[in-house]
Amino acid sequence: MRKRRRRNTIIWTIIGILIIIAGWFSFGPGIPSQVPNKTVTVGIVGESKQEEAIWKSVAKTAKKKYGVIIKTKNFTDYNQPNKALKSGDIDMNAFQHYAFLNDWNKANNGGVVAIGKTYIAPIRIYSKKYHKLSDLPNGATVAVPNDATNESRALFVLKNAGLIKLKKGKTLVTVADIASNPNDLKIKEIGAEQTGRVLNSVDASVVNNNYAGPAGLIDKQTVYVEPVNKDSEQWINILAVKKGNQDKKIYQDVVKAYQTAATKKLYQKFYGTSQISAWDVKLK
């Protein structure tokens with residue numbers, strides 16, 4: 001009888017231990033961060049092999065550390081990702097800077113908010129005729145993009161280069177906002193995609209990075225690089241979500257998965273100094 005009682009005690013003790021272990025893995029800390037529990041779809045425009053590699057790295061981190069599966073959806077039109085975000089077709093997008101977002105929200109009754117910084121890609125002034133900015137003569141012709149956000153950015157570049165002064169208090173400017181032009185520069189407004197291709201017929205041109213490569217421009221033709229300061233804050237690229245979702249943990253986890261040393265290394269590998277992390281940059 002005693003042996004039977006002892007055997008029963010041992011059996012129930014073992015059963016109790018197994019129940020505790022099962023409960024630990026079911027409800028305790030265990031390894032839930034390694035078990036994906038939700039998918040986040042991120043909208044991207046014109047995804048390149050480099051961006052594909054970056055997002056693959058981000059997705060790996062998100063899955064391993066936060067249990068989040070990231071999928072990307074590629075768009076060809078810059079106006080599509082924000083519309084898709086508002087309609088719920090995607091959960092997040094990563095293609096625009098603050099200036100574009102602000103302009104889009106004004107034109108579309110808002111609804112999209114920034115949730116985290118990604119990178120900034122300083123644009124440059126190029127010249128095939130001169131080696132230094134100080135060599136530009138009085139009356140020089142300088143080409144700038146003619147669309148609202150890129151023209152404004154180009155004019156701020158000229159302002160930071162000391163070539164012009166702008167009226168204070170505005171973040172989106174046009175040539176009408178030039179307060180001082182001591183060198184009598186002739187500002188030529190053209191399509192952004194043409195700014196790199198007209199260098200043979202102008203003295204200098206402000207060219208966005210995505211058009212510099214196709215135009216065959218090289219570093220030695222650079223006479224000025226956009227500084228990363230308070231003027232350039234509006235050109236920082238961002239992760240954005242639908243308004244009301246910015247505080248949700250799953251989206252904050254994607255931001256944390258993106259803003260890592262691994263992402264910075266991939267920037268350096270693929271883009272050198274032409275694209276730098278913005279989440280840890282100090283704006284002077």
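The second largest pocket of this predicted model is lined by Ala 99, Asn 102, Asp 103, Lys 106, Thr 171, Leu 172 and Gln 234. By residue class, that lining divides into two nonpolar, three polar and two charged residues.

Now to the largest pocket. Its lining counts 49 residues, and those nearest the centre are Tyr 78, Phe 95, Tyr 119, Asn 210 and Asn 237. Both domain 1 (38-122 + 233-277) and domain 2 (124-226) contribute at least three residues to the lining of the largest pocket. Several helices and strands each give at least two residues to this lining, including strand S1 (38-45), helix H2 (49-66), helix H4 (98-107) and helix H5 (148-160). Helix H6 (209-212) and the strands S5 (119-120) and S6 (124-126) likewise each supply at least two.

Let's take a closer look at Asn 237, one of the residues nearest the centre of the largest pocket. Asn 237 counts as buried because its relative accessible area is 10%, which is under the 20% cut-off. Leaving aside residues up to four places away in sequence, Asn 237 touches Phe 95, Gln 96, His 97, Gly 116, Lys 117, Thr 118 and Tyr 119. Two of these partners, Phe 95 and Tyr 119, are also listed among the residues nearest the centre of the largest pocket.

Conventions: Residues are numbered from 1 along each chain as its sequence is written. This is a predicted model: local features need pLDDT of at least 70, side-chain atom pairs count only at pLDDT 80 or more; totals for chains, interfaces and linings use all residues. Side-chain values use heavy atoms; hydrogens and water are left out. On a 1 Å grid over the protein atoms alone, a cavity is a set of points where a 1.4 Å probe fits but cannot get out, and a pocket is an open set with protein on both sides within 12 Å along at least five of seven lines; lining residues have an atom within 4 Å of a point. Helices (H or I, at least four residues) and strands (E, at least two) are DSSP runs, numbered from the N terminus. Domain bounds come from an automatic or database domain assignment. Ala, Val, Leu, Ile, Met, Phe, Trp, Tyr, Cys and Pro count as nonpolar, Asp, Glu, Lys and Arg as charged, and the others, Gly among them, as polar. Buried means under 20% relative accessible area, exposed over 50%, partly exposed in between (1.4 Å probe, protein chains only). Contact means heavy atoms within 4.5 Å.
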